[in-house]
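Colleague: I would like to go through this model with you, one chain at a time. Could you put it on the screen?

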Amino acid sequence: MSPPSRYWTFISIHPAGGYRAEIRPECQFFFQDCFPDDRTLEEVPDGRVQKELIELSQSPKVPARERHLAAFCLRCFISDQILQVCTQLAAQFGSHHGFTCADLLPYVLNDDLRLRSHFVSVGQEILHSFEPHRSNLSTWTARKVKQNRELNGFLLEQGVYLISDWAILNDTRSRSLERLLREVHLQSEPSIQQTLQLLASYHAIYRHDRLRDNQAGKTCQPPTPEQLCQIADRLPESITPQAVLKRLQDLADLLRQHRIDRRGGAPKLASLDDQEAQQQIANLPTPELGEAEQEQAAFLTDFQKQFTKCLEQAIVQVMQHWIDRQSPQSAHQFTFALCLMHCKGLAMGAIAPLIQLKAQYQVSRLLKLKQLRADIQRCMISHLQPFVLHQAAFYTDAERLHQLHQGIGTVLEELVEDVMQEAALEGNLVRGHPLKSRFARSLCQYLHQTDRC
Amino acid sequence: MKTSPYPISTSILADFGTLQPETVALSPGIIQRSVQASRQTEAQGNGWGNYLTLLALAGFRQWLAERACDLSVNDRCGLLISPNRVGEGICTIEVQGNPLGPFKVGVLAIEGWLEDTIELPWEVIEQPDYAAQFYVLVLVQEEQGWVTVHSFLSADRLRQTIQLSSGICPISLEQFEPDPEQFLLYLQCLNPATVPLPVVRRSQTTLSGYTVYPLSTLCATIEESSLLHQGRQSLINTAHWLRDELDQVGRDLAWVLLPTLTPAMPSPMLSSVEELEAIVTELSRTGTPIPPQARGAYQDFQWADLWLRLYAMVWPLPIASEIPEWSLLLILGTPSGGAFPKGVRLQVSDPAQVLLERTLRPDHPDTYLYARVSGIWEETFVVTIAVENGATLTLPPFAFQME
């Protein structure tokens, strides 16, 4: 259900930025003439309305002017739905990945009711490809916007991606598909075999061509008509290329839905600026010393005496490696961002513009704080080798090495707690004073000594 | 009314993903390498699976290089074990750098959301020739060229859970430990003797249902073919670059054509374009001007334990005489843009003689070497790269043949 005004309000790009909504009286009168019974309704049933408008817009019996007006009403609806999708995308990813709804709109909101040129806008393309018996116009528009190549190119640059139908099919192994169809969807044996044959034929053609044509690592494009013919030829039943395309898209939809359902339980590697992960770290219980850990505790007491020295050594070594791995420009950004964070006390969001980056996620990717800290932690352990040589057991028993590592991790975690909290703060909160942990102080000392801060 | 046979998602943004800090973005050059290597295995029918496994290996190698300065992948004796029909492919390699000795590691590609189990032949767990000490799962997002080290499992833990003594063993993904940091710690600090490899070889050592490729033959092919490419047939005709295409030799050698400088490009290319732009700007400032119509391409290659990237830029010279001329600029660096390896020399020759040779000046550390030559259109130039121990790598000649 939608308010009927969606069918006569046209959304377009505002030349001064953002968008504008424009009531089209000719669409409003036409719509109200077509659906006189709905005049008093606050919301109209989209399914019925869209079906009738589509029929009107396509019927040769209807005068041309009315055909156009029916299509205009649908294009109004599509323009508003495009806006909704972009608004949601920006709300979900925009702040962290550095874009706004206004950045997205130009890629997909390019329809214009006044023009009658050969240019086919995204809105028109959505309307032309829409089949009312397969989907509703809201879902179809959302789907086409999400799959828009230019929009996806932009989002990918911002670190947000949508896997394409074709990559989903490439990724799917027949064994996994068979199990899914049999155990989750409870399909009949002939139906399972038919779908498996379809996937196998698709793989044989599409994957092969992708490798042959140097498309690897690039966004997957829909199969060409020629590829669809080849896929159809490999199937036992007689089927048109167009029908093959539909079946492949339906299969990709099924797999995509399954993928979304699985997401909840899928392993997710937490990043440092993930609030949830930060909360988990804050909630870590302080380890109670059992008998088995006394040896470790004694070790840690000795170890703490050497802590600062080891920390400094490890920082020098790991920092050098990280700097050497990068181009001079990116190494400069990296060390300057570390300086801003640890020595000047700025939050990630505030650092981005100071090092010519657009978004906080880029700072996260540049600094990789969790990984940097882990590398330093690991490096400390390897530096301690002479010191713990008499405790060779630590190095020959995976379990004990793990315990030692956790022990050091706990110590380090306490020391870098400031950094962790700071990193998790989203937005542009400026603390304005240097971080006080030993980790931060040692890192700042290194940055100062090497003239990088 | 007919309805779609499958429900369509109503939560419209649920299938968007984001780039995580720990994800490795593979360069187009490295992706091309994996394509090239997998092509040689296509006859057995698992080209795609092998391609993903090789991407996983490339990602693992890059991850290790980024994260642990003293650890590296040695694939000289490595194998790609590829299923002929079903099951997982695996690359077995050595990770070296631990002071107590190397670890043998099996690298597997997973796609990550549909599978609950992987299937490995028993031999990959129990036969000395094929077994590893750690098995690591690498999440491959082929479409984006992104790779993430996902989880690992030690062979002793794996052996505790499997009952079979032959055939294909299903292994639940839940058994793998989802902590790559822990895996790095083991590789760097654990005594390799702690995870013993099987020593007793069963009488039957062939892997039925699988094809085993030595990685040295798959991955070296590019270099070998470079050396073998001689004569007119195997020129890299850089005149094609100005028409926005690579010739067959360029494609075979996995050259990556870069857009004209001043682009807005998707992310994987951006870094290489930016890098080249920065170098070009610097060269222009120091007296080597490069005209805007110049086109560039690059090739990444691994050779003699080094990862190198060679950029080449070409452009026709303004017509000063009857005979048209062209210019070739070569820039040798590393794929990461990091410190340039010591002792590496860049040499450019014409068919008659060495024209110039560049090496890093000890007092002037830099991140790349560059060389520029010019000649008439018929002239070709040969690039040779030499390392400290005297080994040399010669690329097919660069030519500029307008048709």
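Colleague: Which residues in helix 5 of chain B are buried?

Modeller: A residue counts as buried if 20 or more other C-beta atoms, placed from the backbone, lie within 10 Å of its own; helices (H or I, at least four residues) and strands (E, at least two) are DSSP runs, numbered from the N terminus. This is a predicted model, where local features need pLDDT of at least 70, side-chain atom pairs count only at pLDDT 80 or more, and totals for chains, interfaces and linings use all residues. Residues are numbered from 1 along each chain as its sequence is written, and chains are lettered from A and ligands numbered from 1 in the order written. Helix 5, residues 180-189, is mostly covered, and its buried residues are B:Pro180, B:Phe183, B:Leu184, B:Leu185, B:Tyr186, B:Leu187, B:Gln188 and B:Cys189.

Colleague: What percentage of the residues in chain B are buried?

Modeller: Chain B has 8 helices and 21 strands. Of its 403 residues, the buried share is 45%.

Colleague: Where in chain B is confidence lowest?

Modeller: The predictor's confidence in each residue is pLDDT, from 0 to 100, and its mean over chain B is 81, with 87% of residues at 70 or more. Strand 5 (residues 103-110) has the highest confidence, at 96. Lowest, at a mean of 57, is helix 6 (residues 215-228).

Notes
A residue is buried if 20 or more other C-beta atoms lie within 10 Å of its own, exposed if 12 or fewer, and partly exposed in between; C-beta atoms are placed from the backbone.
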